[in-house]
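Here's a friendly walk through a structure, done as questions and answers.

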Amino acid sequence: MLTLLIKEAAVAALQHLYPEQTFATDMVNVNETKVEFKGDYTVVLFPFVKMLRCKPDELGKQLGEYLVARNAALFTEYQVVSGFLNLTVNDDVFISMLQANWHNEQFGKQHQTNKKVMVEYSSPNTNKPLHFGHLRNIFLGYALGNILKTAGNDVVKANLINDRGIHICKSMVAWMRYANGATPQSTGIKGDHLVGDYYVKFNDVYKAEIAALIANGVEEKQAEKEAPIMQEAQQMLRQWEAGDKEVYSLWQTMNGWVYEGFEVSYKKLGVDFDKMYYESNTYLLGKAIVEKGLEKGVLFRKEDNSVWIDLTADGLDQKLLLRGDGTSVYMTQDIGTAVLKFNDFGLDQSVYVIADEQNYHMQVLKLILKKLGEPCADGILHLSYGMVELPTGKMKSREGTVVDADDMMDEMVRIAQEQTEQAGKADGFSEDELKNLYNTIGMGALKFYLLRVDPKKRMIFDPKESIDLHGFTATFIQYAHARICSILRKEQMILMPEANQFKGFSATQSLSKAEKDILVALEQYPEMVKTAATEMSPSVLCNYAFRLAQLFNTFYDQHSISKAENEEKKQLRLMMIIMTAQTMRQAMKMLGIDLPEKM
RNA sequence: GGACCGGUAGCUCAGUUGGAUAGAGCAUCAGCCUUCUAAGCUGAGGGUCAUUGGUUCGAAUCCAAUCCGGUUCACCA
């Protein structure tokens, strides 16, 4: 906001000084002034030097002179250093800004755009529990939904459940063979884990059967096809598609167990969805759209009856859309789901939070929809994120080399407890409060850890190294927040701005460096929300909230709030820290991270 | 081989449309608790921004080539 104001002032000044030229705000480059120099904001002069054929320092002097004279309320002084015009902003500007935003609960919230946006995330398979890699997806999607909402969009959070296919049948076959009717109730095992166990079991048996066949002289490729357990799974898939009652009923039962398990995990993760899609419901629509495309001549049929689209003219390959036997593939389902989403909500934009290994798939999906003349094609946006890997490589559910999501959450909460007790900070809480606190700290650390880096960077997580609670972490921000709350308790004030009565303070006080830094940072909050939304990057908010906490800690170390130099200063500082706490809370809330009042 | 993504301090990462001496955190070292919470603060060391060339007043940022790592190009999802 302030930078825009400065740009506008600069344009007006330039226009006045050089009436024969035309200037626009986007020609002006305004940065925060480097700490080594005096000033708050810097206008870079070089872009105008060529245009106006003048010397940078002369232009700077003219411009600075004019700006300070003309905008005395905004600028107090200027300095020109080798092509850079450093402007010092009047402290009153920051103070009145603080006062102006005081009762503004919507601080940071952008104007409603009336854009309807769907964010699809999580989208699990129903044959195994969630693992650490899914967490990155879930936190990203949930945060992005909140960020886009704050940025003024009408957001629908959606989850597409991949509930059908051969992989589901694998768990079912293994369960039938080996479970003896075991249920989550009878075993006490969480439903998704129970089903996942049989998915792993399937693969163990499958491998053993292949090995046995090979030992009997069967070729490896042939063995993979002939293994009895695989044959059973394929038979089951055919039965499922044919609507076999028993298979369908088992499918429903086992999926039900998984859903119950997921429900628990989602609740613990603190995320939710407005709309659930099931691939078992959408693949038929996909098939219908493909048939239409065939009629239109966009698609073609091969001799074996399979249906394809030719994308070679776009530099891609041919892509299969229906098998020779008429059954659908992944892409077919996705085409159906994409259109369905669009029709259900009249979307302007449909965001898919999906790992970067599917970049090609998403590119093809969009292109196919475009060629089919589906209007939803243009609104599709793939938020691609890098996979989370273990030091040993990719996580593979079927081989059991995964860090389980539920275990990870428990582990983080345990670490939070351990560290709290170690720091001797577990006193003065009730048992319930402690449980809550450990959860807030542990889950916060986990979420922050996965959100703080740019989504497209892949990350390697070493389970042997626990996630830190110091430094660039949620804990750091939570601690700063708790400190602020502690001061407010002492001053008998509360967090909500509107509920506090201030004795008031004059709008003209001189600010220390530490005070000003916080106010400058606070001023940037709406801009940060905007950036996070347009870049679709929650990490922007992680960095911002961390910086606020850092600035507060520095300020806290240098100044006393309760024992400020005078009453006016105290009131100003109280207002500052409440705004700081509130801003940190709002930013973190978007990421699904809570900040405790005491820790 | 084609397409896409990444390469910044010992490690994990920031670095808005090109702007001043490239910044944090962790780790290492040196300080700071009688004072609103030390899960904190202050300071030090640590860099051929993968390489080379180009564009210009100016390049980690833009362009080209090269090297390294990853993903993908399935009748799996």
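Contact here means heavy atoms within 4.5 Å. Helices (H or I, at least four residues) and strands (E, at least two) are DSSP runs, numbered from the N terminus. This is a predicted model, where local features need pLDDT of at least 70, side-chain atom pairs count only at pLDDT 80 or more, and totals for chains, interfaces and linings use all residues. Residues are numbered from 1 along each chain as its sequence is written, chains are lettered from A and ligands numbered from 1 in the order in which they are written, and side-chain values use heavy atoms, with hydrogens and water left out.

Q: Which residues make α18 and α21 count as being in contact?
A: On the α18 side, look for E515, I518, L519 and L522. They meet K569, R573, M576, M579, T580 and T583 in α21. Sorted by class, that contact has five nonpolar, two polar and three charged residues. (Ala, Val, Leu, Ile, Met, Phe, Trp, Tyr, Cys and Pro count as nonpolar, Asp, Glu, Lys and Arg as charged, and the others, Gly among them, as polar.)

Q: Why are α18 and α21 called oblique to each other?
A: Helix α18 covers residues 513–523 and helix α21 covers residues 567–590, and their axes cross at roughly 40 degrees, coming within 11 Å. Axes are lines fitted to C-alpha atoms, for helices over the stretch in contact, with angles running from 0 to 180 degrees between N-to-C directions. Under 35 degrees counts as roughly parallel, over 145 as roughly antiparallel, 65 to 115 as roughly perpendicular, and the rest as oblique. So α18 and α21 are oblique.

Q: What is the handedness of the crossing of α11 and α15?
A: That crossing is left-handed, a name used if the near helix is turned anticlockwise from the far one by less than a right angle (clockwise would be right-handed). The axes of α11 (residues 245–269) and α15 (residues 405–422) come within 11 Å and cross at roughly 35 degrees. S265, K268 and L269 in α11 meet D406, M409 and D410 in α15. That contact divides into two nonpolar, one polar and three charged residues.

Q: How do you know whether V173 is buried or exposed?
A: Buried means under 20% relative accessible area, exposed over 50%, and partly exposed in between (1.4 Å probe, protein chains only). V173 has 3% relative accessibility, so V173 counts as buried. V173 lies in helix α6, residues 166–178. Leaving aside neighbours within four places in sequence, V173 is in contact with I229, E232, A233 and M236.

Q: What makes M536 stand out, and is M536 buried or exposed?
A: M536 has a positive phi of about 50 degrees although M536 is not a glycine. The place of M536 is in the loop between α19 (525–534) and α20 (539–558). With a relative accessible area of 10%, M536 is buried.
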